[in-house]
Amino acid sequence: MDVTNAEVDPGFDIAAREAHVVGEKPRIDPVAQEDIDPASRRLVDEIRASAGAPPVEEVPEYMRTILKHPEIFRCQMEMGTALFQGRIPAKERELAILRIGWLCRAPYEWGQHVNIAYRIGLDRDLIERARIGSSAPGWTDHEAAILRGVEELLEDKVLSNETWDTLAQSWDDSQLIEFPMMVGQYVATAFVQNTLRIRLEDGNPGLAHA
């Protein structure tokens, strides 16, 4: 199914969701640019490089907010870099993260990872089908299992035997370990971004991004 030119029903009111999540002032003010230490800037550059993005002069507001807790900031930057450089291929990783961002109704996470998905070669049809999830026609068995795995972990907190067995046909042990860890990392990130009301950056239209 080609959904590129079709209207995908999101199943919820995007404007109302974004008004709820990012419509008010952020709950915590970020660290000022001039107060970011060199080690933290290096961590930001490292995670951006692992995602195929260039260094930035201005550290994004989300990262500057998390820097209010330096230990968690360091751990999140290191985990993010490890996952971007992980054993799961980039396109499969981004399909999973897009599904996470959509199911968590996370404007910041969804919009940022649509941009990343385009950067690594996913097209609009794949991105739109990630909104629909594992039930959308057109996936390979392996791709459907990735999306279904996200859905099962968020719903039942465990992969079914069917999903595990399908993923195990293509992934090795390290990738099977990485998958639920990755899902947990990006669910946690969505929780933080939604709860702190992290504002959308320029170039990130949030849940409407496609």
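What does the accessible surface of the chain come to, and how much of it belongs to carbon and sulfur atoms? About 10400 Å², with 51% belonging to carbon and sulfur. Keep in mind that this is a predicted model.

Now the overall picture. The chain has ten helices and zero strands. Read along the sequence, the pattern is α-α-α-α-α-α-α-α-α-α. The radius of gyration is 17 Å, and the globule rule gives 17 Å for 210 residues, so the chain is as compact as a globular protein of that length. Along the principal axes, the C-alpha atoms fill a box of roughly 50 × 40 × 30 Å.

What about the inside? Of the 210 residues, 50% count as buried.

On to helix packing. Two packed helices are described by two things: the angle between their axes and the distance between those axes.

Take H5 and H8 to begin. H5 covers residues 90-103, and H8 covers residues 141-156. Their axes are 9 Å apart, at an angle of about 35°. The crossing is right-handed. Which residues of H5 meet H8? They are Glu92, Leu95, Ala96, Arg99, Ile100 and Leu103. On the H8 side, look for His142, Glu143, Ile146, Leu147, Val150, Glu151 and Leu154. By class, this contact divides into eight nonpolar residues, one polar and four charged.

Next, H6 and H7. H6 runs over residues 107-119, H7 over residues 124-132. The two axes come within 10 Å and cross at roughly 145°. H6 passes H7 in a right-handed crossing. From H6, the contact takes in Trp110, Val114, Ala117 and Tyr118. From H7, Arg124, Ile127 and Arg131 take part. How many residues of each class are in the contact of H6 with H7? Five are nonpolar, none are polar and two are charged.

Is Ser50 buried or exposed? Its relative accessible area is 15%, under the 20% cut-off, so Ser50 counts as buried. Who are its partners? Leave aside the neighbours within four places in sequence, and Ser50 is in contact with Thr81, Phe84 and Gln85.

Key. Residues numbered from 1 in each chain as written. Predicted model: local features only at pLDDT ≥ 70, side-chain atom pairs only at ≥ 80, totals over all residues. Heavy atoms only, no water. Axes fitted to C-alpha atoms, helices over the stretch in contact; angles between N-to-C directions. Helix = DSSP H or I, 4+ residues; strand = E, 2+ residues; numbered from the N terminus. Left-handed = near helix turned anticlockwise from the far one by under 90°. Contact = heavy atoms within 4.5 Å. Nonpolar A, V, L, I, M, F, W, Y, C, P; charged D, E, K, R; others polar. Rg over C-alpha atoms; globule rule 2.2 N^0.38 Å. Buried < 20%, exposed > 50% of the residue type's maximum accessible area, 1.4 Å probe, protein only. Areas by Shrake-Rupley, 256 points an atom, 1.4 Å probe, with all protein chains shown as cover.
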